[in-house]
Amino acid sequence: MMGKAGTPGGCSSTKVDALASAPKGAADLDGAADRWAESNLLRSIEEWIAAQLNKQLDQRVESLHVAQVRPWAMVMRVETSHETFWFKANAEGGAHEPELMRWLQRHGGGMVPETVAAAPDLGWWMAKDAGPTVADAAGPDPVPFETWRQVLVEYARLQRDLHEPAVGAPPAGLPQCSPRDAPQALAEMLDDRKLLLVGDPRGLTESEHRQLLLLASEFTAWSEELTSEAIPLSIQHDDLTDANVCISSSGLTIIDWADCYVGHPFGSLIFPLRTFREQHRLPVHHPDVVALGDAYLQAWAGTSDIDQLRRIKDLAVRVAVVSKAHSWNRALRGFDRTEMNAYYASPESRWLRKLLSKELPY
């Protein structure tokens, strides 16, 4: 959520209803995001941003604009006379993000936004603008194969580099969802019928819930097979879309790490392969989709042959469906969802339903 978004406005823009400037139907959230429109909070945020930029960089804020509002976070675009910054305030489920971003800056090899200020106790942080996103650069056209290939090759190298610090010294609060953890996470969600809105049009049907319960043992077998493989755990971004990768003269920067966790790295392929496939209107097993996945898998070519790596990938993206459901559960922690619209009421159901499809989840 730290790339190019929104339109700069005057400082007074933060005084208006925050939902009015948020895309993707945020005004339809039945009040779940109203916290970010509270005037005292906005005033405190404005003061913190101004103080940090003055102290850290000797720059003065010229304009602020609420760029995005969700129940779990608010993003603001900050303009000074010199450059653009992005500020993010997190609710409870993302409170670990300021520490995570500072950790990634130390270990991420220049592929993450440059943090200029953080307030971990408040869940706030601010970073320098990272340039246009891949989606912005492509405009109305599909993102080309070669662009995605570059992204996945460099991202895979980053994951290899992050293995040791992610497993040995992760930042405080970073979620863990390895294949070993996934069956328990699935069991806990299936046990919570209220969470999955079983029988409600916004959640699972009774039949879907029964099918998922029957699938649990097979899911455990997938997870155990992944655990037995030699692929090391690492950071899994969990939202690697063309809107979350920026391009500048200095290279690629991956943004919006709020959903990431320590887990099987191959789960990251869900969003890149789905985005590429849908934009180019290709079936799951099209040669270009396979080739894009293979470009990513080459980073692990020394651990298994390509056929085995493809099998591991297919298992990993299926298991990552549960991790994604769990990420949604974490993001919406503490919210009353009984009156939320269908998209937010039970995203866990939407993701777990993918386990019932014979097709891969991208």
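Which residues line the largest cavity? In this predicted model, the lining is formed by C177, S178, P179, L226, Y261, H264, G267, A316, V319, A320 and S323. The volume of the largest cavity is about 60 Å³, and the count of cavities of 30 Å³ or more comes to one. Helix α9, spanning residues 306-331, supplies the largest share of this lining, with four residues. By class, the lining of the largest cavity comprises seven nonpolar and four polar residues, with no charged residue.

The second largest pocket presents a lining of another composition. Its volume is about 210 Å³, and the residues that line this pocket are D192, K194, L195, L197, R202, F335, D336, R337, T338 and A345. Five of these lining residues are charged, four are nonpolar and one is polar.

Helix packing was examined next. Two packed helices are described by the angle between their axes and the distance between the axes. Helix α4 (residues 145-168) takes part in contacts with helix α8 (residues 287-297) and with helix α7 (residues 270-280).

For α4 and α8, the axes come within 8 Å and cross at roughly 30°. Because angles under 35 degrees count as roughly parallel, α4 is roughly parallel to α8. The crossing in which α4 passes α8 is right-handed. On the α4 side, the contact involves F145, W148, R149, L152, V153, Y155, A156 and Q159, which meet D288, A291, L292, A295 and Y296 of α8. The residues of this contact divide into ten nonpolar, one polar and two charged.

The packing of α4 against α7 is described by an angle of about 180° and an axis separation of 11 Å. Since angles over 145 degrees count as roughly antiparallel, α4 is roughly antiparallel to α7. Here F145, W148 and L152 of α4 meet P272, T275 and F276 of α7. The contact of α4 with α7 contains five nonpolar residues and one polar residue, and no charged residue.

From α5, the contact draws on A182, P183, L186 and L190, and from α6 on H209, L212, L213, A216, F219, T220 and S223. Classification of the residues in the contact of α5 with α6 gives eight nonpolar, three polar and no charged.

Notes: Residues numbered from 1 in each chain as written. Predicted model: local features only at pLDDT ≥ 70, side-chain atom pairs only at ≥ 80, totals over all residues. Heavy atoms only, no water. Axes fitted to C-alpha atoms, helices over the stretch in contact; angles between N-to-C directions. Helix = DSSP H or I, 4+ residues; strand = E, 2+ residues; numbered from the N terminus. Parallel < 35°, antiparallel > 145°, perpendicular 65-115°, else oblique. Left-handed = near helix turned anticlockwise from the far one by under 90°. Contact = heavy atoms within 4.5 Å. Nonpolar A, V, L, I, M, F, W, Y, C, P; charged D, E, K, R; others polar. 1 Å grid on protein atoms, 1.4 Å probe; cavity = no way out; pocket = protein on both sides within 12 Å on 5 of 7 lines; lining within 4 Å. Points joined across faces, edges and corners; volume = space filled by probe spheres on them.
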